[in-house]
Amino acid sequence: MSAEQGRGAPRTTSRSAVPASRRYWFRAKRSGLGWDLPLCWQGWGVYAPALVAIVASFVLFPPNRQLVPFLAVHGGIVLVLLMACLWKGEPLRRG
C-alpha cells in the first residue's frame, strides 16, 4: 500500500473545498416549512440586526399607541428575514 492510499493521505472533503457561493447560511428544517437557526456567522449577522430592530420597534412604536406603524415595521423585518433565507438558505424540502 502506497502512502497516497494509506491513512496519511490528505482529505479533500474539508469545508474550504466547498465554494463560498454554495455554502448555505441557513439549513432547511427537517420537517415542516422554513429554516433552522443559522449555520455560520453571516446568518447570525442577519439575525442580530433583526433582533435589534424588533426591540427598537417596541420603544419607537409602542403597540398600545401606534399599532399600524408597529405592525408595518414587524412585517418589514419578517420580509427581510424571509428574503435572506430564500437567497442564502438551503432549498426547502418537500414532503
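Mentor: What follows starts with the chain as a whole, then goes to the helix pair and the residues around it. The model is predicted, so local features need pLDDT of at least 70 and side-chain atom pairs count only at pLDDT 80 or more, while totals for chains, interfaces and linings use all residues. Residues are numbered from 1 along each chain as its sequence is written, and side-chain values use heavy atoms, with hydrogens and water left out.

Start with the chain. It has two helices and two strands (DSSP runs numbered from the N terminus: H or I of at least four residues for helices, E of at least two for strands). From the N terminus, the order is β-β-α-α. Of its 95 residues, 21% are buried (under 20% relative accessible area; exposed is over 50%, partly exposed lies in between; 1.4 Å probe, protein chains only). The accessible surface of the chain is about 7700 Å² (Shrake-Rupley, 1.4 Å probe; for residues, only the protein chains shown count as cover). Carbon and sulfur atoms hold 64% of that surface. Now take contacts (heavy atoms within 4.5 Å). Among those with a separation of 6 or more, 44% join residues 24 or more positions apart.

Now the pair itself. Helix H1 covers residues 41-60. Helix H2 covers 67-88. Two packed helices are described by the angle between their axes and the distance between the axes. Here the angle is about 175 degrees, and the axes of H1 and H2 are 10 Å apart (axes are lines fitted to C-alpha atoms, for helices over the stretch in contact; angles run from 0 to 180 degrees between N-to-C directions). H1 and H2 are therefore roughly antiparallel (over 145 degrees; under 35 is roughly parallel, 65 to 115 roughly perpendicular, the rest oblique).

Look at who meets whom. H1 brings Val46, Tyr47, Ala50, Ala53, Ile54, Ser57 and Phe58. H2 answers with Phe70, Val73, His74, Ile77, Leu81 and Ala84.

Zoom in on Ile54, in H1. Leaving out residues up to four places away in sequence, Ile54 touches His74 and Ile77. Its C-alpha lies 10.0 Å from that of Val78, 24 residues along the chain. Ile54 is partly exposed, at 29% relative accessible area.

Gln42 is also in H1. Its C-alpha is 9.6 Å from that of Lys88, across 46 residues of sequence. Gln42 is partly exposed too, at 25%.

Next, the other end of H1. Leu60 belongs to this helix and is exposed, at 56%. With Phe58 and Val59, Leu60 forms a nonpolar surface patch of about 330 Å² accessible area (patch residues have over 30% relative accessible area and no salt bridge; nonpolar side chains, Val, Leu, Ile, Met, Phe, Trp or Tyr, are joined within 5 Å, like charges within 9 Å; a salt bridge is a Lys or Arg side-chain nitrogen within 4 Å of an Asp or Glu carboxyl oxygen).

Gln66 sits in the loop between H1 and H2. It touches Leu60 and Phe61, sequence neighbours up to four places away aside. Gln66 is partly exposed, at 33%.

Finally, step past H2. Glu90 is in the segment after that helix. Glu90 is buried, at 19%. Beyond its neighbours within four places, Glu90 is in contact with Tyr24, Phe26, Arg27, Ala28 and Trp35.
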